Amino acid sequence: MFFNYFKIAFRQLKKNRLFSFTNIAGLSIGVASCLLILLFIAYELSFDRWIPRIDQIVRPHAEINFGGNEDAYPFVGSIVGPDAAAQLPEIEAWARVRTYGGYLVKVDQTDQQNALERRVMSVDNSFLNLFSLNLLAGDPGSALNEPNTLVISKTTAEKYFNSVDAALGKSLLLDNKKVWKVNGVYADIPPTTHFQADLLLSLAGNEEIKQESPLWATSNNFYTYFLLRDGVDYDSFKEKFLKLSRDKISITSSQLLGMSLEEFEATGQYARMDLDKVADIHLYSKFGSELTPGGNIRYIYIFGAIALFILLIACINFMNLTTAKSAQRSMEIGVRKVMGSTKQNLVTQFLSESFLMSFIAVVIAVLIAFLALPSFNELTARHIGMPWEKPLFWISLIAGILVTGFLAGSYPAIVLARFDPIRALKGQKSKAVSRINLRSVLVVFQFMIAIVLIVGSIMIYRQLNYIQHKDLGFNKEQVLIINNTYALGDQVQSFKNRVLSQPSVSSATVSSYLPVPSSYSNSTYSKSREFRQDQSINMQEWRVDYDYAKTLDLKMDEGRFFDQKFPTDSFGVVINEAAAKILNYPEPLGQKIYGITGQLSHQPQPEDFTEYTIIGVVKDFNWQSLHDKIGALSMFLEPSQGLVSIRYQADDSKALLTAIENIWKEMAPTQPFSYRFMDESFSRMYEAEQRIGKIALIFAFLAILVSCLGLFGLTHFVTELRRKEIGIRKVLGATTESIVQMLNREFIVLVLIAMVIATPIAWYAMNRWLSDFAYRVNISWWIFALAGLIALGIALLTVSFQSLKAALANPVNSIKSE
């Protein structure tokens, strides 16, 4: 019996090719889009889930509002890990991570050229077992117990030593200074991990840890992880940890500020810690300084909704087309009922057709998704694969066929099964067919979703365009950045001077601190030689040279920048307007600020401070992402060898690059030459938003395409139903234009209704998205009008094709056929 149902269903598909093509094409695009998005969501949700005890690993973070600066960091002081473990028995193990940027690496005692390794972390030995890294060689219990030892990834071992076994016991020279012994090789860390590292250096003997203050909340540089014992309740442990951290910070407040924590908090400031579940870091972290760029749970919800909506649009097409086509099958249904078919038989027959189309559509959709996956991976910057080997994937596909088939076919099946056989055999329309209310609602729903996606795409594009063209307070155009110039050693200044001799170079600066992306170095300064909460300012501390302002085209608000004519500038400081507002000096020029020498382990005495004179106030510039407001910033004159930034005037940068590379190779033949352009670095700060904009645009296009496929088919069947009416109207003198207007009017009204409904939804969604930016565009009324006009224009083109075809048809044929 079931075989017969599917045989009849196949004949129907073959008989009605336009109907079948429209339905299957719409469903295929909808299911393929849904599948790609669901694969992306599954990938994002899988982060860190490969770690066996991930739900028992937590990480403390610091939140500080002090000296006019409010901030939060995913790292804490080096003392927090061992202190907490000693006092909280719930902690089974702990580990710290410190990052110092990239390293120049080569095999020791060889003449090979250095390679730049960017993914490097310094860790405690316990890190290996805490995160269950798979050591292919070496002892995970002791590999990093000794100073100047490291473990490397399998890929890195093969890169430098050709094999895993050959790497063990060998040595690598880092930054041409220190030799590190390879004590282990671990399997490459899965890409679905919130950290990535090709080299893990031992923290044993780390000088920073030795010199750091034993007080909590005075220095925050170490990502710290706790592995909780089996059976420990997270909420109970969190409560105990927060109490411990508050007690420790109270000691810090008392010793450094001479006041209780309660008194400190009464001033509106605070210093505190909190806990994060490591499993939540990738999607829920709000910190900009994570070990790797994270995802965003909000985008998971948005993409999940888009996937559902596109699938619904495809299913709505099926419902609309099937019910619209029902008039052509009314005679068939009448005959079936007269011959004894029950309502259940008819429902089963029509559901069989729906399931068959759903099966074909899903097969085509899987093929489309497979072919589109490489491009989708490039777009999303992910490494998503088709999970052919996972039973859940196949179960999901089967479930998708059943759900899509039932969702798309249940309503039409019930409607068709209710046809009155007497009216059907007489050739009269069923009342169910005449009712267009639900069909109209479904069309409105389709275009409402499409308009919301169009508005989203326009707004994302406008915000990104605003970011690219906003006056940042510095000039990012035609600035070339040479990376890792510390490899030149004491030749950095000579390199700068030789670069300046190039005719197209107007200025150059040596500094490790640039606003693309912003460099992070926070310090506390005081307005007097005492450490008091009401005298302190917490601000960025950048070390620059004389040509920094000229090269970045910074504008002075008051005073001057560093100048070689003034030897006292070595104890001068240039602050930005934001810092000047916090300091609140009536005349900031010539005023003093005091920096603390050494670590904060006790109440600073007057002799612990170094005096600096404010020589200039630079106009505020966006040294942070436009997600954040401009914070307090200070610049000091001090050699720094990390980067050389070059402002040039050449239209062709290739010749300049070649000349600079030749200078580099002459001065450092074994060091890799690496460069970037400042404007490109700036753009990369907003890669996530750019990707979201492209994805939204693509799926907006697909949503409209699927909607138009359905509208095309629906218009075809509506004009078929009204063919006799159109013929009579033409015989009575109706013009082609009036007939087209008559047929289009209903659909135009539906799109206009969709636009009215979509406007508040789109406004709310985009307002929420823009709230993440401190600097943002306004949501203008014309954006909604433009989105509506785009949807209306596309709908008119789709509908008018069928309407015009019907209006131009010979009325004699239409009337005769009836």
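# Faces, rings and cores

Visitor: Which residues does K476 touch, leaving aside its neighbours within four places in sequence?
Guide: Contact means heavy atoms within 4.5 Å. With neighbours within four places in sequence set aside, K476 is in contact with Q468, M678, D679 and F682.

Visitor: What kind of model is this?
Guide: Residues are numbered from 1 along each chain as its sequence is written, and side-chain values use heavy atoms, without hydrogens and water. Local features need pLDDT of at least 70, side-chain atom pairs count only at pLDDT 80 or more, and totals for chains, interfaces and linings use all residues: this is a predicted model.

Visitor: Is K476 buried or exposed?
Guide: Buried means under 20% relative accessible area, exposed over 50%, and partly exposed in between (1.4 Å probe, protein chains only). K476 lies in the loop between α17 and β14. Its relative accessibility is 6%, so K476 counts as buried.

Visitor: Over which ring does K476 lie?
Guide: A charge sits over a ring if NZ of Lys or CZ of Arg is within 6 Å of the ring centre and within 35 degrees of the ring normal. K476 is 5.0 Å from the ring centre, over the face of F682.

Visitor: Which ring has the charged end of R272 over it?
Guide: The charged end of R272 is 3.9 Å from the ring centre. That ring belongs to Y270.

Visitor: Where does D175 lie, and is it buried or exposed?
Guide: D175 is not a glycine, yet has a positive phi of about 55 degrees. D175 lies in the loop between β9 (171-174) and β10 (178-186). At 17% relative accessibility, D175 counts as buried.

Visitor: Which residues of helix α18 are buried?
Guide: Helices (H or I, at least four residues) and strands (E, at least two) are DSSP runs, numbered from the N terminus. Helix α18 spans residues 492-500, and its buried residues are V492, F495, K496 and V499.

Visitor: Why do the buried residues of α18 line one face of the helix?
Guide: An α-helix has 3.6 residues a turn, so residues three or four places apart point the same way. The arc is taken over the directions from the helix axis to the C-beta atoms. Seen down the axis of α18, the buried residues line one face because they fall within an arc of 100 degrees.

Visitor: How many bridges join β15 to β23?
Guide: Six of the seven residues of β15 are buried. Two strands pair if DSSP finds at least two bridges between them. V505 stands opposite Y648 in β23. The strands β15 and β23 run antiparallel, and the bridges joining them number six.

Visitor: Which aromatic cluster includes F495 and Y648?
Guide: Rings of Phe, Tyr and Trp (its six-membered ring) pair if their centres lie within 6.5 Å; planes under 30 degrees apart count as stacked, over 60 as edge-to-face and the rest as tilted. One cluster holds F495, Y648, W664, F673, Y675 and F677.

Visitor: How are the rings of F370 and W388 arranged?
Guide: A search of the whole structure finds 36 aromatic pairs. In this one, the centres are 5.9 Å apart and the planes at 55 degrees, so the pair of F370 and W388 is tilted.

Visitor: How many residues apart in sequence are the parts tied together by F370 and W388?
Guide: F370 is partly exposed at 42% relative accessible area, and W388 is partly exposed at 37%. F370 lies in helix α13 (residues 343-380) and W388 in the loop between α13 and α14 (391-417), so the pair ties together parts separated in sequence by 18 residues.

Visitor: What geometry does the aromatic pair of Y675 and F677 have?
Guide: Y675 is partly exposed, at 38% relative accessible area. F677 counts as buried, at 13%. The pair is 6.0 Å centre to centre with 85 degrees between the planes, and is edge-to-face.

Visitor: How many residues does the largest nonpolar core have?
Guide: A nonpolar core is a set of buried Ala, Val, Leu, Ile, Met, Phe, Trp, Tyr and Cys residues joined through side-chain atoms within 4.5 Å. Those with the most contacts inside the largest core are V455, W542, Y548, L554, F621 and M635, and its residues number 121.

Visitor: How many residues are in the second, separate core?
Guide: The second core includes I91, L130, A197 and L228. Its residues number 59.
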